[in-house]
Every structure is written in structure tokens, then in C-alpha cells.
Amino acid sequence: MNTVSCECRSPQEQRLQEQMEGREDRFRKSHSRVFALLERFEGQKPRIDIERALYFTQSMRETEGQPLVLRWAKALMHIAKNITVHVQDGQLLLGRAGCDGRYGILYPELDGDFLDIAVRDLPTRETSPATITPEDARRVVEEIAPYWKGKTYHEALNAALPPEVHKLTYDDPQGLVSRFIVNETSSFRSSIQWVHDYEKVLRRGFNDIRREARERLAALDPLSARDDREKRPFLEAVVIVCEAIVLWARRHAELAREKAQKEADPVRKAELLRMADNAERVPGEPARDFWEACQSQWFTQMFSRLEQKTGTTISNGRMDQYFYAYYSQDRAAGKITEAQAMELLECMWVGMAEFIDMYISPTGGAFNEGYAHWEAVTVGGQTPDGRDAANDLTYLILKSKREFPLHYPDLAARIHSRAPERYLWEVAETIKYGSGFPKLINDEEVVPLYVSKGATFEEALDYAVSGCTEARMPNRDTYTSGGAYINFAAAVEMVLRNGRMKKYGDELLGVETGDPRTFTTWDEFWNAYVRQHMLFLKTAFTQQYLINKLRAGHFAQPMGSAMHDLCMKHCIDLHQEQIPEGINLGYFEYMGFGTVVDSLAAVKKLVFEEKRLSMDRLLAAIDADFEGYEDVQALLRSAPCYGNNDPYADAIGREIDRLSVEYGNKYAMSDLGMHNDVRYVPFTSHVPFGKVVSATPNGRVSGFPLSDGSSASHGADVNGPTAVLLSNHNTKNMGMRDRAARMLNIKFTPKCVEGEQGTEKLVSFIRTFCDLKLWHVQFNVLNKDVLLAAQKDPRKYRNLIVRIAGYSAYFVDLSPDLQNDLIARTEHDVM
């Protein structure tokens with residue numbers, strides 16, 4: 001057998017090696033139930049289930065002319081009454097959004113204008129393909145898609161964009177193909193990443209929320225037009241949706257009892273009866289024990305997936321906090337063991353793994369390769385009164401992540417300056433496993449920023465990680481629109497080509513800043529870049545202005561609103577543009593930060609200061625993609641680079657960041673009525689964005705991926721991982737608040753973190769990250785040789801998990817471009 005010989009393997013790599021040798025998984029006996037569940041869909045291509053789309057469309061067709069929030073609630077009731085319910089063999093939790101196995105569902109309110117085309121292409125597309133039966137495909141084309149033509153938000157946005165904005169956004173009149181310059185993302189999903197207040201459901205139940213809505217209805221002023229036209233439909237929608245989820249749960253209870261009657265195995269029969277009891281009680285009533293709490297939360301998050309497509313999937317919030325009272329109570333009473341509690345959690349992980357968050361649009365799929373998922377479970381951090389929050393359930397979830405064989409759920413660990421040594425040690429040991437978990441979010445950065453934007457300390461200290469790197473305050477956050485992804489490497493190219501890009505020929509896309517050969521000083525070049533940069537920012541803010549005006553007429557989420565304190569207080573759906581007392585935290589994405597910093601540093605140093613390279617020769621080398629100009633490419637790569645704690649490069653990075661935060665400070669509140677902060681979180685979009693940019697002055701070749709997030713350019717960080725942290729810190733404008741998440745990827749070899757000494761070094765590295773007040777960091781701990789072997793023989797390495805962009809995925813599910821991007825990242829073997 002051909003296997004990779006490594007001096008030191010990560011636990012994940014060792015586990016894979018044992019599988020290739022035909023040995024039983026070391027955790028199979030202690031996790032027998034979940035292994036049996038996983039084997040039913042392992043390696044399965046997802047299947048599209050159309051029921052949600054079909055019933056949603058049927059209801060919306062019948063309710064035209066009624067208030068949107070009420071229509072949405074009635075559609076959810078129609079789904080709850082009619083969608084097929086399932087009771088899976090071996091499962092301990094009830095509730096699915098679609099068919100058995102690995103599945104995805106459709107949201108025609110988003111994709112209806114091109115759904116018929118997309119369904120045709122889904123089975124064969126390169127990124128995240130899915131199957132659909134011929135009959136279901138026919139029903140999509142004939143029964144679902146036609147209703148939505150001319151009604152979708154995407155069509156309205158495409159029509160609303162002025163020509164100068166449209167040409168930087170889309171590459172076709174219909175807005176189906178992205179230009180990958182200033183890319184809108186609001187049409188990919190009904191909402192950006194979100195976290196519900198699950199504790200409210202566990203504590204009160206939907207029946208009590210319904211009671212509150214009915215009392216509010218009864219108290220409305222019968223003579224008030226606003227009460228009648230705005231508050232009444234909202235409250236009626238809350239009543240309907242509360243009844244819908246309870247009805248849906250009880251349909252599961254009925255089926256579980258039917259199955260129990262036919263079950264011969266007394267153990268399974270008892271399980272089914274208990275599951276039926278759970279579903280009859282929750283989520284309508286408060287949960288009384290750990291199993292009921294898990295079931296209530298699971299029904300809530302799965303019905304939320306039926307309600308709308310949340311970008312990056314609905315997150316799970318601070319699970320170790322809101323479940324802990326039930327867990328500790330049951331443990332003290334002897335009702336549950338640690339192993340039984342882990343089994344319930346892992347039944348939930350299995351359900352998450354079966355649901356695939358499908359991006360139907362080609363652009364959305366390119367942004368989220370490898371069946372991306374961010375159903376973030378948050379552990380650790382601080383309590384609302386500022387005390388360390390780690391508890392026994394925190395450690396149980398971390399243990400499960402080391403033993404559970406899939407990359408579900410996404411796990412986020414909050415870090416703060418007083419985090420106990422045991423917690424950091426367990427986090428480090430989990431990172432060392434090698435599957436990319438957990439990602440780390442820093443309280444020392446997030447909490448002060450959120451307080452500066454209007455939150456109380458109690459609210460900010462209770463934040464939950466949401467999506468890729470974001471943080472949410474479930475009852476204070478009120479902004480749900482996706483922001484722009486801006487390709488600032490394209491701005492560099494436009495300086496070099498006088499407002500044009502090689503890929504798009506002679507079309508003027510940016511500002512005509514002149515022939516760079518005529519520039520005699522660095523200031524002239526820098527000012528030309530600033531003009532392109534500002535054009536991109538104005539384009540993004542114009543997009544967002546129109547997005548904010550349009551979305552409220554196309555989307556509603558009555559269930560999400562029912563769980564939100566401010567929505568209930570003011571009787572306003574969460575998708576409306578302004579909710580009193582809310583904090584609107586939006587963003588725009590900086591794409592290619594390292595690429596831009598290194599390119600500008602090379603031009604400044606080599607062309608204008610040292611004059612070792614003429615602008616004419618630089619442009620010739622770039623036009624030739626460095627073929628025949630390898631000496632120029634080598635010279636460019638020798639220039640100061642971001643990621644090395646180099647003051648020269650980092651000063652340019654800080655100035656670039658300043659342009660963005662100052663623009664946000666000046667225009668976000670006055671023009672948009674929201675915080676619109678600069679963020680550095682590309683998901684996997686740095687790959688398609690790189691494909692439209694020709695060669696750049698940092699030596700990067702045409703079409704190669706841009707640098708990702710706030711990470712260094714590929715191979716540019718040569719001074720070790722601590723220097724990467726310091727560069728990240730050095731390039732932030734710490735005195736300004738108009739900034740948000742910075743995603744940072746670090747890749748270690750297993751040898752670097754081997755043994756207890758390696759764990760100690762990693763804990764120290766995490767404390768440095770915390771002290772520097774960086775927002776986010778995540779790790780790959782693996783050998784490059786294993787990745788290369790997986791490219792050659794994907795079948796053997798089917799279960800190899802890697803960290804991509806705020807989520808983990810199977811390496812073999814990624815496109816060759818993204819695989820190569822991961823391989824090309826700097827591999828640190830010394831810390």
C-alpha cells in the first residue's frame with residue numbers, strides 16, 4: 001500500500017492512516033450510534049428536496065396582496081402541515097428540512113428568476129454539485145420557477161443599479177454573472193449569518209411567545225391606522241408561526257409513536273416513545289431536561305432553515321451556556337451520563353451534516369466551495385457580568401470535536417485575557433487534532449468595539465459567534481443585509497492600466513488616472529490608487545443604499561422576529577430597514593489585502609525609491625505574466641511584504657486600512673443609517689476574484705488566488721507565525737471603530753506542535769493573539785505531503801478535513817484551484 005511517510009502526523013492524519021490500513025476507528029465503539037448514522041450517507045452527493053420550495057410557492061401564490069410578514073407566516077404554516085416528516089432509525093432527535101440522507105432545499109424567493117437554469121446545471125457543476133430527480137426537476141421548471149419570474153429581489157436589485165455601478169457588479173445585463181470587482185452578496189441569501197435567542201425558546205416555549213402576541217393584539221388601539229396596518233399583521237404572523245412550529249413538532253411525535261408501536265426492539269421502542277413525548281412538549285413548552293432542551297433547540301434551528309436561507313446557515317449560539325443548566329441538573333440527579341449527553345449532541349451534529357446549505361447561483365457557489373457551512377457552536381468566553389464562562393459542557397463539546405469524525409458543527413472558541421489554563425490547553429489540544437477546529441474569536445477586540453457602537457457591556461460580553469468570523473448579540477443586532485465584496489487588487493491593476501483590466505479589454509471600468517509611465521513620484525502612484533479605491537467604496541455604498549431600500553419588500557422572517565426582543569417590542573419584522581433601539585452592524589469586504597500591500601510596497605520601493613526597476617519594464621513583465629521576466633518576478637518578491645512584522649510594508653497596510661475606516665466613518669451613518677465597517681473575510685472568494693486579476697507587482701501570476709482575509713500572500717510570510725500576528729496588529733487603525741472581523745489563517749506542521757511542549761507553545765501563541773487584540777485566527781495542522789497525496793488519490797483521502805475560510809471541509813470536495821491555494825500557504829514548522 002502506498003502511504004505517505006511523515007516524521008510526525010497529526011491525530012487526524014494518524015486516524016486516516018489507520019483507516020487506510022483497514023483498522024477500526026479508535027472511537028467507533030464509544031460512538032457506535034453516530035457511526036452507524038454516518039455510514040448511511042458517507043460520501044453521498046447531496047440530493048435536492050423540492051418540498052419546501054413547492055409548498056412555499058403554493059402559499060405565496062394564494063396570499064398575494066396581503067402584508068408580506070403575514071404571507072410568510074402562512075407559507076410556513078402550509079409547509080408545517082404538508083412537508084414530509086421523518087423518524088430516522090437510530091436517531092434520538094426529530095426534525096429535518098428535507099429527505100433522508102444528505103440533502104439541500106430550494107429558496108425560489110431568492111433564485112426563482114434563474115432556478116430553472118440552475119437546476120439543469122446543478123448535477124454537473126464543478127463546485128458543490130447536487131442531484132435532483134427528473135420528476136422534481138420538471139416540477140421546479142413547470143410549477144415553481146414560473147411564479148417567481150419578475151418577482152425576485154435579485155431582479156429588482158439588478159434593475160435598480162445605475163449603469164456605473166452595474167458595470168462593476170455584473171458582467172451581463174441580467175445580473176447572473178459577477179464581474180468579481182465590487183460584488184453584491186445580498187441576493188445569495190435572505191439574511192446574513194444570524195444567531196437566534198435559543199435560551200428564550202428553552203425557557204419560555206413558543207406557546208408563551210404566542211400568548212404574548214395575542215395579548216398585544218388585544219391591546220392594539222382600534223382607531224390607530226398604524227396599529228391596524230403594521231402592528232396587527234406582524235402580531236398575527238407571530239401567532240401563526242408559533243402555532244406552525246408546534247404543529248410541525250407534533251406531526252413528528254405522531255410518527256414516532258406509530259413507529260414505536262411497530263418496533264420489536266424494547267430499547268429502541270422506549271427511545272421512540274421518549275422522542276414522541278419530547279416532541280409533544282417542545283418547542284411549545286419550556287424544556288425540563290437536557291434531552292428536551294436539545295430537541296427544542298433542534299426543532300427551532302431546523303424550522304428556521306425552512307423559514308429562510310440564512311447566509312452561512314443559522315448559527316447555534318452559546319450552546320455551552322444555554323444548555324448548561326439542563327446538563328448540570330440531569331448530571332446531579334443521575335438522569336444522564338457524560339457519554340449519553342455527548343451522544344445527544346452528536347445526533348445533532350449528524351443532522352447538521354446531512355443538511356447542505358446549497359448556493360444555487362454560480363457566483364454564490366464559487367464563494368462557498370466544498371459545501372461550506374458555518375452553523376457555529378460557540379464555547380467559552382465570558383458571562384454577561386464579565387466572569388469566565390467555561391464549564392463542564394464546554395469541555396464535553398471540545399472532547400466531542402476531537403472524537404466526532406466529521407467537520408460538523410463549525411466550532412468557535414471565545415478567548416479572553418483571563419481564560420483559565422485548562423480551557424486554553426483543551427482548545428490547543430483540539431486545534432492539534434488537525435481538522436481546523438476550533439476557530440478563535442477574541443473578546444478583547446470584539447467587546448470594546450461593540451460597546452463603542454452602542455451595546456451595553458452585558459450585551460457585548462454575551463455575544464455569540466455567527467457564521468465565518470462574525471459575532472452577534474441576538475436581541476440587539478438588527479441588520480440582516482449582505483455587504484459588498486470588493487476586489488482591491490483590481491484597483492491596483494486599474495492604476496497600471498489607466499482604469500482598465502486586461503480581462504475586460506478596453507472597457508473603462510475605473511477612473512482614468514493616467515499612464516503610470518508618466519508618474520515621477522510615489523505620491524502620484526499612491527494618489528492614483530486612492531482614486532480607484534474610493535470609486536470602489538462609493539460603488540459599494542451605492543449598492544448598499546439600494547439594497548437597504550429594496551430588501552424589506554421581498555423578505556420577512558416572522559419566526560426569527562418572534563424570538564427577538566426588539567422586534568416584539570416594536571412589532572416590526574427583522575428584515576425591515578430600521579428597528580428602533582437596534583444596532584445595525586453591516587460590512588464591506590476587503591479582498592486581497594496582502595496582495596495589495598505587497599504590490600504597493602514593491603512599486604514604492606523598487607520603482608520610485610531605489611529605482612531598480614522602471615515602470616515600463618514592470619508593465620512589460622506584468623503583461624507577459626512574467627514569462628521571460630523571471631528576474632523581475634524574483635526582484636518583486638524580494639520587496640518588503642506584509643506578514644513579516646516589517647514596518648515598511650505594514651505602514652502601507654495601515655494607510656490602506658485607514659482609507660476604508662475613514663470612509664465608513666464619514667458616510668455609513670449619514671448615507672445608510674448603519675455601521676458599514678471594513679472587514680477582511682473572503683470565504684473562498686479570493687479564488688474567483690483572483691481569476692479576473694492579471695499579474696500583480698508582488699510577483700503573483702495572472703489568475704492566481706488573491707491573499708485571503710488578513711493573511712499574508714502565499715509564501716510571503718517568512719519570519720514565522722508571530723510576525724504574522726504582529727503585522728496584523730500593525731496594520732489596524734486601533735483608534736477607529738469602523739472596522740469589523742479580520743480572518744487570519746495560520747498553517748503549522750504537526751511536528752511544530754508535537755507533544756506537551758507543542759501544546760505549551762500553542763497556548764502561548766493563543767495568549768499573544770489575545771494580547772494583540774486581533775479578532776480571529778484559525779489553524780491547519782497538517783503535512784503538505786498529505787495534501788499532495790490526497791490530490792493524487794482522492795479516494796484514499798476521502799475523509800481528510802482541512803480548514804478553509806471560517807469553516808472546515810473535505811479536501812477532496814474542493815476545486816483544484818482552492819486545493820492549490822491551501823497547499824501554497826506558508827507552512828510554519830517553528831513557533
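At what angle do the axes of helix 12 (residues 225-262) and helix 13 (residues 266-281) cross? I started my notebook with this one, keeping in mind that I am looking at a predicted model.

**Entry 1: helices 12 and 13**

I find that the two axes cross at roughly 160° and come within 8 Å. Angles over 145 degrees count as roughly antiparallel, so I log helix 12 as roughly antiparallel to helix 13. The handedness of this crossing is left-handed.

Next I looked up who meets whom. From helix 12 I list Ala249, Arg250, Ala253, Ala256, Arg257, Lys259, Ala260 and Gln261, and from helix 13 their partners Lys269, Leu272, Leu273, Ala276, Asp277, Ala279 and Glu280.

I checked peptide bonds here and noted a cis one joining Val282 and Pro283, with omega about 10°. Pro283 sits in the loop between helix 13 and helix 14 (290-307). A further cis bond runs from Phe437 to Pro438, where omega is near -10°. I place Pro438 in the loop between helix 20 (421-433) and strand 6 (439-442).

**Entry 2: nonpolar cores**

Which residues touch the most other members of the largest nonpolar core? My answer is Trp248, Phe290, Phe303, Phe323, Leu345, Tyr423 and Leu440, in a core of 172 residues. Helix 12 turns up again, giving the most to this core with 16 residues.

Setting aside residues up to four places away in sequence, Phe323 touches Leu202, Phe290, Ala293, Cys294, Gln297, Leu345, Met348 and Leu393. There is also a second, separate core of 118 residues, and Ala412, Ala489, Trp526 and Phe626 are included in it.

**Entry 3: helices 23 and 27**

Helix 23 brings Phe488, Ala489 and Val492 to the contact, while helix 27 brings Thr595, Val596, Ser599 and Leu600. I sort the residues of this contact into 5 nonpolar and 2 polar, with no charged ones.

**Entry 4: Ile360**

Is Ile360 buried or exposed? I read a relative accessible area of 4%, so Ile360 is buried. Ile360 belongs to the loop between helix 17 (338-354) and helix 18 (362-367). Apart from neighbours within four places in sequence, Ile360 is in contact with Leu106, Asp111, Phe114, Leu115, Ala118, Leu122 and Arg125. I also looked up Ala53, which is 307 residues from Ile360 in sequence and 13 Å from it in space, C-alpha to C-alpha.

**Entry 5: positive phi**

I ended with backbone angles. Cys571, a residue other than glycine, has a positive phi near 55°. I find Cys571 in the loop between helix 26 (565-570) and strand 10 (585-591). Its relative accessibility is 5%, so Cys571 counts as buried.

Asp625 is not a glycine either, yet its phi is positive at about 55°. The loop between helix 28 (615-623) and helix 29 (630-637) holds Asp625. With a relative accessible area of 25%, I put Asp625 down as partly exposed.

Methods. Residues are numbered from 1 along each chain as its sequence is written. This is a predicted model: local features need pLDDT of at least 70, side-chain atom pairs count only at pLDDT 80 or more; totals for chains, interfaces and linings use all residues. Side-chain values use heavy atoms; hydrogens and water are left out. Axes are lines fitted to C-alpha atoms, for helices over the stretch in contact, and angles run from 0 to 180 degrees between N-to-C directions. Helices (H or I, at least four residues) and strands (E, at least two) are DSSP runs, numbered from the N terminus. Angles under 35 degrees count as roughly parallel, over 145 as roughly antiparallel, 65 to 115 as roughly perpendicular and the rest as oblique. A crossing is left-handed if the near helix is turned anticlockwise from the far one by less than a right angle, and right-handed if clockwise. Contact means heavy atoms within 4.5 Å. A nonpolar core is a set of buried Ala, Val, Leu, Ile, Met, Phe, Trp, Tyr and Cys residues joined through side-chain atoms within 4.5 Å. Buried means under 20% relative accessible area, exposed over 50%, partly exposed in between (1.4 Å probe, protein chains only). Ala, Val, Leu, Ile, Met, Phe, Trp, Tyr, Cys and Pro count as nonpolar, Asp, Glu, Lys and Arg as charged, and the others, Gly among them, as polar.
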